[in-house]
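Please look through the structure below before reading on. The report then takes it part by part.

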Amino acid sequence: MSQDQIDILKRALEREKQARKAAEKILEEKSRELYQTSQKLELLLDEKSSQLQGVFENIVDAYVVMDLNGDVLKFNEAAARLFGYDIEQEPVNVIKLIYKEDYEYAMVSYMELQSKGFFKDYEARVYTKSGEVKWVHINASIVYNRDKTPIAAQGIVRDITEQKIAAESLLRSESRLASLIVNLDSAVLLEDENRKIVLTNKKFCDVFNIPVDPDQLKGQDCSGAAEQSKTLFEDEDNFVNRINEVLEKRQTVLGDELVMKNGKILERDFVPIIKDGIYRGHLWTYRDITLQKNYSESLEKQKQKYSSIIANMNLGLVEVNNDDEILMVNQSFLEISGYTEEELIGKKGGKLFSIDDGKTISEENLKRQKGESNSYELKVKNKHGDVRYWLISGAPNYNLNGEVIGSIGIHLDITDLKSLEYQKEKLLQKLEKSNDELQEYAHIVSHDLKSPLRSIDALVSWLREDNKEKLDAASLQNLDLIQTTLEKMEQLISDVLNYSSVSADNSENAEVDIESLVADLLKILYIPEHINVTIHNVLPKVMGDQIKLQQVFQNLISNAVKFNDKDNGLIEIDVADEGKYYRFSIKDNGIGIEPQFHDKVFKIFHSLKKSKDSSGIGLSIVKKIVNLHQGKIWLESELGSGTIFYFTLKK
Amino acid sequence: MNKLKVLLIEDDMIEVMKLNRATSSLQLNHTIIEANNGEDALKLLEQKDKLPDIILLDLNMPKINGIEFLKILKSDSRLKYIPTIILTTSNNQRDLLECFNIGIAGYVLKPLKYEEYVSKIEKLLAYWSINELITT
């Protein structure tokens, strides 16, 4: 090794020695610093420990320390308050504090604590000493000693009972709100700012024919919805355009009216949702107003209809208030009254028109106050002073509260009718009087005509009596002829009187039993031996005049007897039901009537066979009576073999 | 049989003859007093001591007619007790009703035939002659 090399080595060693010295010196300094620091740290630790102790003692939340068996080692003041125990006095195990339904959850959390060394956000119920149940939130961790061995567990316990209750009630009110929206009668669509559906309801799906549950629509994009739905609406383009317009403006729109093709009418509201000045979406609301709309439309139509009726009707209409002051009149009333509208409005109707100082009108208005409606006739004078008769139909007028605020009267001028009625009455009276007079006249005439007949008869009788011996056979026969002629004359007068007496005026209208009527008649009528009368049916009961109907049967049966020339005379009485009428028939096998006389026999003084006991009035009386009973009479006959008389009587 | 005093009120001369002849031919002893109209009859009836037992009254007469006469008769306190029988040709129902309404003792229709008349008068007088009548 060269000197150089040795020198180098020496120098290096020297340098090393010095460096080591320096290092030792530094080490020494450092060591001293470390000691000082450690001293400081220990002090600090003590300080911190006591600080922590203070914090734990004083924190608002409860602080609990327990050993690994769950025996509580420490409760801070808040914990003591929360649980109600004083652990200095009585030992407490946390098992005892766990709400029984939360036990399982508590055990799971405890396992977690052991395995992971902590748990967070444990929320469960606990019992307090007084048995009260409280909701608590717990964050807990394991406490280790220096050897990293777990020796205890500590936890911060926060009483969250009130929060829980608030949350629950919030939940409840939210669900209430949700069900309200779902069941709302309006269709609701809530969209967010990106036109995604946030909420909608059943009604919305119904209105827009969307066949899914409203919940399934959540999150759906609505940007194409208007295009899809437009076919439901009358004006498709306008529906789409309007939606776009509204969306663009983002301003509240209320009461847009939409007519659907199915006839429904919807009312739509648009409400933008602005939160903190930022647009967050919008709410569409659709209401079905078809009913209201139609109702108000028909109401409007009705109103127009009635207005035009009132304006154009031929009846005068007047509305008055409770003081009888005229509020409204129509054109017809102006024509009827002769006044102009200006002359009438505000005036009292009773004073203006009435002749009796408004007495009748006041009485009638009192009835209106009581809510009564009626019609009455009123004698009035119009503007020109003419006396007119009005028929007034009045009714009370009510306000919306149902109070009488006046009345409405409809006026018809019945003056012409009235005078016609008066004329008619007079005519009727006159007619009645002249009918009466005629009747009297007939009686007097017949009396005056009959009286001389009686005298002649008496005189002829005396002539015969007083000259029995003096008169020859021819004279006596002539006297007989005079008396026969007198009888004929007498019969004629009676028949004329009878005929003139048959009128509706003196007719009874009662139920008449034809069966017994005919039976009685057959007892009193003279029916010769060789004539047989048969009745084929039970004769019905009809409404009519007993005596007159008897006259009919009597006449027809008598005729059938009188004009029978056969050895075996046959008279058949029958009846047939003809709906509204009974058709009676009286058939004989007598001499018959020639066709040209079939109508003539019913005319007065048309006796075909001039005989002692036929005046020619009988059948005309029969016809008159049948007609009086709204029936008809006719005959069928064959000359030489018989006649059937038919007549109908109303049931 | 009582002998009746009959007042016949009748304007027709032959009718009066008829009654007289009938009673005489029937050989009845009744007294017939005649009045040609209602006025005459009322005069006769003023003599209250010579009142008839019955009155036969025709309806159709001039001046006071039968019904008017009947009304006057029935409103008199004494005369109303005299049975009054209507003897007429009128079978007017209205007259019949009114007469019975006012108060009559009978309503007899004059028949056409004289023989029948005699028979009716015979029965009528026979009936009233067996009746008790108010005489005072």
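## A hairpin in chain A

Two strands count as paired if DSSP finds at least two bridges between them. Strand 8 (residues 253-259) and strand 9 (residues 265-275) of chain A pair over five bridges, in the antiparallel sense. A:Glu257 stands opposite A:Glu267, which belongs to strand 9 of chain A.

Now look at the link in this hairpin. Five residues lie between strand 8 and strand 9 of chain A. Among them, A:Gly263 takes a positive phi near 95 degrees.

## Confidence

This model is predicted. Chain A has an average pLDDT of 85, and 96% of its residues score at least 70.

Which elements of chain A have the lowest and the highest mean pLDDT? Helix 11 (residues 349-353) of chain A has the lowest, at 80. Strand 20 (residues 581-588) of chain A has the highest, at 93.

## Nonpolar cores

The largest nonpolar core holds 32 residues. Five of them touch the most other members: A:Val552, A:Phe553, A:Leu556, A:Ile586 and A:Val622. Several elements of chain A give two or more residues to this core, including helix 15 (514-524), strand 19 (569-578), helix 17 (618-628) and strand 22 (642-650). Which element gives the most? Helix 16 of chain A does, with six residues.

Take A:Val622 as an example. Leaving out residues up to four places away in sequence, A:Val622 touches A:Val552, A:Asn555, A:Leu556 and A:Ile633. There is also a second, separate core, with 28 residues. Its members include B:Leu45, B:Ile54, B:Cys99 and B:Trp128.

## The layout of chain B

Chain B has five helices and five strands. What pattern does chain B follow along the sequence? The pattern is β-α-β-α-β-α-β-α-β-α.

Chain B has 136 residues, and 33% of them count as buried. Consider contacts in chain B between residues at least 6 apart in sequence: 66% of these join residues at least 24 apart.

## One residue: B:Lys3

B:Lys3 lies in the segment before strand 1 (5-9) of chain B. Is B:Lys3 buried or exposed? B:Lys3 counts as exposed because it has 10 C-beta neighbours inside 10 Å, and the cut-off for exposed is 12 or fewer.

Setting aside neighbours within four places in sequence, B:Lys3 is in contact with B:Asn29 and B:His30. B:Lys3 and B:Ile130 are 127 residues apart in sequence. In space they are 9.5 Å apart, C-alpha to C-alpha.

Methods:
Residues are numbered from 1 along each chain as its sequence is written. Chains are lettered from A and ligands numbered from 1 in the order in which they are written. This is a predicted model: local features need pLDDT of at least 70, side-chain atom pairs count only at pLDDT 80 or more; totals for chains, interfaces and linings use all residues. pLDDT is the predictor's confidence in each residue, from 0 to 100. Helices (H or I, at least four residues) and strands (E, at least two) are DSSP runs, numbered from the N terminus. A nonpolar core is a set of buried Ala, Val, Leu, Ile, Met, Phe, Trp, Tyr and Cys residues joined through C-beta atoms within 7 Å. A residue is buried if 20 or more other C-beta atoms lie within 10 Å of its own, exposed if 12 or fewer, and partly exposed in between; C-beta atoms are placed from the backbone. Two residues are in contact if their C-beta atoms, placed from the backbone, lie within 7 Å.
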